4 protein chains.
Amino acid sequence: MLLELLRRQVVAANQEIARRGLAPHTFGNASGVDRSGEKALVVIKPSGVDYSTLKPEDLVITDLDGNIVEGKLRPSSDLDTHTLLYREFPQIGGVVHTHSEFATSWAQAGRSIPCFGTTHADYFHGPVPVTEPLTAEEVSSGYVRNTGAVIVRRFRAEGLDPVAVPGVLVAGHAPFAWGKDAADAVEHADVLEYIARLAFRTVALNGSAGPIPGHVSEHHYLRKHGPKATYGQR
Amino acid sequence: MLLELLRRQVVAANQEIARRGLAPHTFGNASGVDRSGEKALVVIKPSGVDYSTLKPEDLVITDLDGNIVEGKLRPSSDLDTHTLLYREFPQIGGVVHTHSEFATSWAQAGRSIPCFGTTHADYFHGPVPVTEPLTAEEVSSGYVRNTGAVIVRRFRAEGLDPVAVPGVLVAGHAPFAWGKDAADAVEHADVLEYIARLAFRTVALNGSAGPIPGHVSEHHYLRKHGPKATYGQR
Amino acid sequence: MLLELLRRQVVAANQEIARRGLAPHTFGNASGVDRSGEKALVVIKPSGVDYSTLKPEDLVITDLDGNIVEGKLRPSSDLDTHTLLYREFPQIGGVVHTHSEFATSWAQAGRSIPCFGTTHADYFHGPVPVTEPLTAEEVSSGYVRNTGAVIVRRFRAEGLDPVAVPGVLVAGHAPFAWGKDAADAVEHADVLEYIARLAFRTVALNGSAGPIPGHVSEHHYLRKHGPKATYGQR
Amino acid sequence: MLLELLRRQVVAANQEIARRGLAPHTFGNASGVDRSGEKALVVIKPSGVDYSTLKPEDLVITDLDGNIVEGKLRPSSDLDTHTLLYREFPQIGGVVHTHSEFATSWAQAGRSIPCFGTTHADYFHGPVPVTEPLTAEEVSSGYVRNTGAVIVRRFRAEGLDPVAVPGVLVAGHAPFAWGKDAADAVEHADVLEYIARLAFRTVALNGSAGPIPGHVSEHHYLRKHGPKATYGQR
């Protein structure tokens, strides 16, 4: 029953990737996790299926190690990245992978996105980090899982909180974003693309532009996320 | 009765923000003021409500100090900026805040937009100014009101007329625009985005591009705004 | 009777400006000329009227000196530029003025657009020229007519043929394009915007990019315009 | 009978060029080849016909030397490039020529597109090559055929496999792409435009950005093309 709801959420999140233009062709995928049972279950898009024809029953269900529990189609080729993120970041409930144009360009340039403004600060606490490239060893010994591993390594090395920093750029590849559920993850993927566009033009206009002062970014982040949140109808 | 009309104008201006793509998600808001009564009344968008479902009765009505006079929803989190602008710029009747992409990029770069061409000159007399960043003191002692205060400070310091310069870039944040009513304000917000796009490409093509000669910009500004205006069917 | 046809062509050309996104708001206009009678007649858009509601009977008819022959509305504020171009370039039958984004950015940057590729060469023989800025004297003694005068001066100085070079950038202002009729003029305005976009990115990718070799550009130009034209179903 | 199917595929591919915005006006064309008979037959778009009104019976059928076998309209002016590619690259079944904006800008800049990321690597094995400009001799002695000849010369000089590198930039002109059939060719033309956009922004963000490591690009290329392909529902 809950799983039925999750299936529908995951279909909606995948369609939202297409509707917002975050991934050409089928270069993107969304998943969600149900952690309420004894064994957590991951619901993910099948590989290479068009967003527009995707139905809840097409989705693939796996456990946190990627073992298929249900589903006739092959899961997204990025499955092992999703499951590793769910294992390592227990606070998150949805993961989205896109090839959105500006975020992917920052990833290809190997640059993290500085916090140049309040829109960024409302969603991401500090820069959007970029991973290191995968080593030859990591590529040959489980490329997709190790894509997750370089993300986690970066977060551990910097002491980053995946709730406060809900996305990342994988160097030479593309962005991943996450959130409390699949809908939240796709919103973060969309905002990430938006701030990547703003930041691209900011550095073009001012090559030595620096991040906004800490007192401004803290205020914005806490306005939406702190205990005294003032944004929206809560 | 008049207030009913104003409500409809403010709903239309908020929808125009969305229709023209000036603000992703709900990152934008429009308000109008009725100065005809003994006490001026501000009509503003509620916080975090989607533009497409916004109805006149959802709007919040406050006095010029931001005290709520009518409305069940929480007003836009930017209310105190709007009311300060209405108090300090008594000539204006509408205020619009957007996160339009190119204007926001100039704001993030901390650069004012030079008057590179006649389209700019038709609407803005001189550069579109950029504020200073807010100090830590200003952030902690009334962030939203002080966002208005840095705008006004910039206009006073430069001796700018808010009728001749109907918009501003708040450094590290985004643009505000205003006009004789909410519809005029949203048109200025849209033109500001357009000239920000042109100016972005102008500096990319010619890093040492200068403003158009004063005799050209004066001619254009007066063509639309002076007593001998020749544009349109007046 | 012929004039009725011309009215419809000019309405269609003005709507095409809007449909192709070549001018925001009402920043653009198209006209056509009927040179078949004893006295040539110019049919032009009225000033400040929305493209979507424009009807053949709204158009203004003038002689080549801009004297109104028929029409209740005020003609486009750019009328005197159109009529001067019709007087000085007797080969042309339609004129279009836009504020299309990339062509306007080149105009603001004060740079002519080099012939970087075959698409350019198919339509423009050599660079798209940019005028000089108007002097203070020219602005005060007939600004709109002198906008046409600086265009013609540039063509005379360079020995350019307005049939081979069907458009120009007015420095610090925006583009004008023309053609054998209003439909041809709007196609040239659209191609001009397209090649301005290509050229913008070409110089960003290669700051020292030069024009294509003369033997290639000649071949392309003559392919579409020479006596042995091979393009299309002629 | 087979030819009827091919006609429909070629119409669909031409319409896809327009639908994906890969060529303004009629600056683009798609063809397919039927190699099943004794004599291979090429089906190609007629010259200067609008995509939206194109019907299967409008197409022109030629042999591999460009001799017309069937069709009342004049074939695309680029016919001789298509037929030369079919003669020299016997593995390919469809050719598409576009003037898509970013790929054309790279062609105008005379730069090949480095493999900056995994999306590129999924489709193109190594950089997207750029040809040399045509010499005066090549222009005068069969310009269109020699456009194909400079493409082939570049592939031979670099030892490139047209199956692994399904597209090219013709210097100062525009891209060509190909594939196993016309639909595959148009998909490659679309992906080429996408990676050209990403690469444009990558070099703007990081002028010294290098290609992704060989172990990553090999992995991605083989993931989609090798015998152990894991992408999609195969």
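Modeller: Two strands are taken to pair if DSSP finds at least two bridges between them; strands (E, at least two residues) and helices (H or I, at least four) are DSSP runs numbered from the N terminus. This is a predicted model, in which local features need pLDDT of at least 70 and side-chain atom pairs count only at pLDDT 80 or more, while totals for chains, interfaces and linings use all residues. Residues are numbered from 1 along each chain as its sequence is written, chains are lettered from A and ligands numbered from 1 in the order in which they are written, and side-chain values use heavy atoms, without hydrogens and water.

Biologist: Which residue stands opposite Ile68(B) of strand 4 of chain B?

Modeller: Strand 4 of chain B pairs with strand 3 (residues 60–62) of chain B in the antiparallel sense, over two bridges. The residue opposite Ile68(B) is Thr62(B).

Biologist: Which strands of chain B stand at the edges of the sheet?

Modeller: In chain B, seven strands form an open, antiparallel sheet in the order 4-3-2-1-5-7-6. Each edge strand has a single partner strand, so one side of each is left without a neighbour in the sheet; these are strand 4 (68–70) and strand 6 (167–169) of chain B.

Biologist: Which residues of chain A lose the most area to chain D?

Modeller: The contact (heavy atoms within 4.5 Å) takes 30 residues from chain A and 30 residues from chain D. Buried area is the accessible area (1.4 Å probe) that two parts lose on being put together, summed over both; here the two chains bury about 2700 Å², 53% of it on carbon and sulfur atoms. Together giving 23% of what the side of chain A buries, the residues are Arg74(A), Glu101(A) and Gln108(A).

Biologist: How far apart are the closest N and O atoms of Arg197(D) and Glu101(A)?

Modeller: A salt bridge is a side-chain nitrogen of Lys or Arg within 4 Å of a carboxyl oxygen of Asp or Glu, and the count between chain A and chain D is two. Arg197(D) forms a salt bridge with Glu101(A), with the closest N and O atoms apart by 2.8 Å.
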